[in-house]
Amino acid sequence: MKSYTNLFEKVIDFENLWRAYRRARKGKRSRPDMAAFEYRLEGELCALRDELASGSYRPGPYRHFRITEPKPRVISAAPFRDRVVHRGCAGHLSAVPGTGQAGGRQAPDLPAPHASRASVG
């Protein structure tokens, strides 16, 4: 079995967080929370890196809203800051077996997530 080492260090690397920010902002450029994050970009990325490294990072409250197309439902959206963390993690976990991501195989006791998988969700 292949060993995956230093994944956490790769996730909290400043360059990885920068790339994650670039991916997270696609389609969100008009959102006020994205604009506020971008205004303080370097400080926000450094703060995220420090919080993740120290273990003090806590996700923010989700924003809930209703949509009616294509069918009525309630959507829960993570704050932009958390989306950056999600993207930073997803890039390095996508090939690890058992994460349910492209290239890995799903652990038998876990449900198969599709929302964040390329070409699936």
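Me: Which residues of helix α2 (residues 14-24) are buried?

Reply: In this predicted model, Asn16, Leu17, Ala20, Tyr21 and Ala24 are the buried residues of α2. They sit on the same side of α2, because they cover an arc of only 140° around the axis. The arc is taken over the directions from the helix axis to the C-beta atoms. Buried means under 20% relative accessible area, exposed means over 50%, and partly exposed is in between, with a 1.4 Å probe and protein chains only.

Me: What do the buried residues of α2 pack against?

Reply: Their partners are α1 (7-11), α3, α4 and α5 (80-93). Contact here means heavy atoms within 4.5 Å.

Me: How many helices and strands does the protein chain have?

Reply: Elements are DSSP runs numbered from the N terminus: helices are H or I with at least four residues, and strands are E with at least two. This chain has 5 helices and 2 strands, in the order α-α-α-α-β-β-α from the N terminus on.

Me: And how do I read the packing of two helices?

Reply: Two packed helices are described by the angle between their axes and the distance between the axes. Take α3 (residues 32-39) and α4 (residues 41-54): the angle is about 90° and the axes are 5 Å apart. These two are therefore roughly perpendicular. Phe37, Glu38 and Tyr39 of α3 meet Leu41, Glu44, Leu45 and Leu48 of α4. Sorted by class, that contact has 5 nonpolar, no polar and 2 charged residues.

Me: What are the cut-offs behind those words?

Reply: Axes are lines fitted to C-alpha atoms, for helices over the stretch in contact, and angles run from 0 to 180 degrees between N-to-C directions. Under 35 degrees is roughly parallel, over 145 roughly antiparallel, 65 to 115 roughly perpendicular, and the rest oblique. Nonpolar covers Ala, Val, Leu, Ile, Met, Phe, Trp, Tyr, Cys and Pro; charged covers Asp, Glu, Lys and Arg; the others, Gly among them, are polar.

Me: Where is the cis peptide bond?

Reply: Most peptide bonds are trans. Here a cis one joins Glu69 and Pro70, with omega about 0°. Pro70 is in the loop between β1 (63-67) and β2 (73-77).

Me: Is Gly91 buried, partly exposed or exposed?

Reply: Gly91, in helix α5, counts as partly exposed at 45% relative accessibility.

Note on methods: Residues are numbered from 1 along each chain as its sequence is written. This is a predicted model: local features need pLDDT of at least 70, side-chain atom pairs count only at pLDDT 80 or more; totals for chains, interfaces and linings use all residues. Side-chain values use heavy atoms; hydrogens and water are left out.
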